[in-house]
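Let's take a friendly walk through the aromatic rings of this protein and the parts they bring together. Please have the structure open as you read.

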Amino acid sequence: MTGDWEKLKRDPRFVWPAFIALALLLLALPFVADWALGRAWVRIAAFVLLYVMLALGLNIVVGYAGLLDLGYVAFFAVGAYFYALLASPHFGVHLPFWLLLPLGAAVACVFGVLLGAPTLRLRGDYLAIVTLGFGEIIRIFLVNLNAPVNITNGPQGVNLIDPIRLGDFSLAQAHAFLGISFPTVYNYYYLFLALTLFVIFVSMRLEHSRIGRAWVAIREDEVAAAAMGINTRNVKLLAFAMGASFGGVSGGLFAGFQGFVSPESFTIIESIMILCMVVLGGMGHIPGVILGVVLLVILPEALRYLGPLQQWLIGRVLADPADLRLLVFGLALILVMLLRPSGMWPSQVRRRELSATGNPARNGPTSVRDAGE
């Protein structure tokens with residue numbers, strides 16, 4: 001069955017129609033979601049795309065290079081605040097979007113190198129603790145850098161952020177094209193879709209490049225990789241830098257989309273959620289990571305309907321929907337890790353490794369040390 005599927009994936013008669021159908025589905029998704037579920041779900045679809053970019057950035061660090069990063073949300077925060085501070089009345093600076101987004105990615109990249117440089121000799125649990133501390137340090141700085149000079153506006157955050165504009169085209173305004181109306185959230189969705197496809201393309205090119213193979217070699221055995229002539233220091237720093245730059249891009253888009261940022265958006269829980277997306281989807285496998293994002297973003301939102309469902313079935317709400325939602329969500333995560341510890345959609349390389357070892361206990365990371373090494 002696996003061999004037939006591999007042949008089918010290489011058959012142009014299957015591949016091209018599948019790509020065309022997927023492209024049409026993504027283009028029509030805002031209209032279908034708005035008609036069937038309401039405009040709030042178009043906004044959720046836009047957030048799915050944001051989290052895809054974030055998860056693919058973390059996938060470089062965790063999935064390719066095997067470096068466990070629990071502070072990845074720090075780069076998301078750096079990109080968001082860089083955009084917010086330079087595109088709002090806070091400093092009186094209103095730089096254009098096309099300049100802020102690459103600059104934010106570059107600044108986040110620098111922060112990635114600053115994190116990676118002192119952690120080059122750390123692995124597993126120790127690396128996880130250091131990256132966790134780095135993420136919390138960034139958040140605490142954002143909370144406290146409002147005195148004696150007000151840089152981040154402290155816990156109040158930054159508001160009145162300029163909406164994303166492409167020349168004279170403002171995404172914050174509804175537009176019509178060929179007689180079809182495109183509300184504001186549609187505009188953001190299509191911009192995020194274009195940038196997500198670009199990030200996926202970059203990730204695929206990296207995966208099959210010399211750098212990607214070096215990352216995988218370090219993940220499998222760093223000592224052997226160094227013995228084969230790989231500069232493990234530079235390659236690991238590059239993994240942190242590339243992953244951080246994706247986080248910076250996502251942060252800038254988040255700030256322009258929301259129009260407001262605050263430290264509460266960048267807690268450790270966000271880092272853990274992004275890591276769950278990568279691990280549960282399938283570490284090192286781009287389609288698996290995307291699947292993990294879709295499931296972990298949509299599932300909590302879908303579980304919000306548990307309250308109305310109780311009202312419809314028994315006439316009253318027995319359990320608070322928020323508590324019940326978190327309970328069901330947690331149980332779903334446990335079941336996935338028990339039944340598919342290697343992820344919902346592992347890569348072919350990972351499948352071959354598992355079939356060669358024949359040890360189901362090694363289907364995936366069973367501890368923090370496993371995930372990091």
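Predicted model: local features only at pLDDT ≥ 70, side-chain atom pairs only at ≥ 80, totals over all residues.

F182, by contrast, is buried, with a relative accessible area of 17%, which falls under the 20% cut-off.

## Aromatic pairs

Searching the whole structure turns up 17 aromatic pairs. One of them joins F31 and F182: the ring centres are 5.7 Å apart and the planes meet at 75°, so the arrangement is edge-to-face. Because F31 sits in helix α2 (residues 12-36) and F182 in strand β7 (residues 180-182), this pair ties together parts that are 151 residues apart in sequence.

Y189 and Y190 also form an edge-to-face pair, with 5.3 Å from centre to centre and 75° between the planes. Y189 is buried, at 1% relative accessibility.

## A cluster of rings

Which residues do ring pairs link into a cluster? They are F47, F76, Y81, Y188, F192, F254, F257 and F266. One of these cluster members, F257, also has a charged neighbour: R43 lies over the face of the F257 ring, 4.5 Å from its centre.

## Helix α4

Now have a look at helix α4, which covers residues 73-85 and has 13 residues. From its first C-alpha to its last, α4 reaches 18 Å, close to the 18 Å expected at 1.5 Å a residue. Is this helix enclosed or exposed? Of its 13 residues, 13 are buried, so α4 is largely enclosed by the rest of the structure.

Notes: Residues numbered from 1 in each chain as written. Heavy atoms only, no water. Phe/Tyr/Trp six-rings, centres within 6.5 Å; stacked < 30°, edge-to-face > 60°. Helix = DSSP H or I, 4+ residues; strand = E, 2+ residues; numbered from the N terminus. Buried < 20%, exposed > 50% of the residue type's maximum accessible area, 1.4 Å probe, protein only. Lys NZ or Arg CZ within 6 Å of the ring centre and 35° of its normal. Expected span 1.5 Å × (residues − 1).
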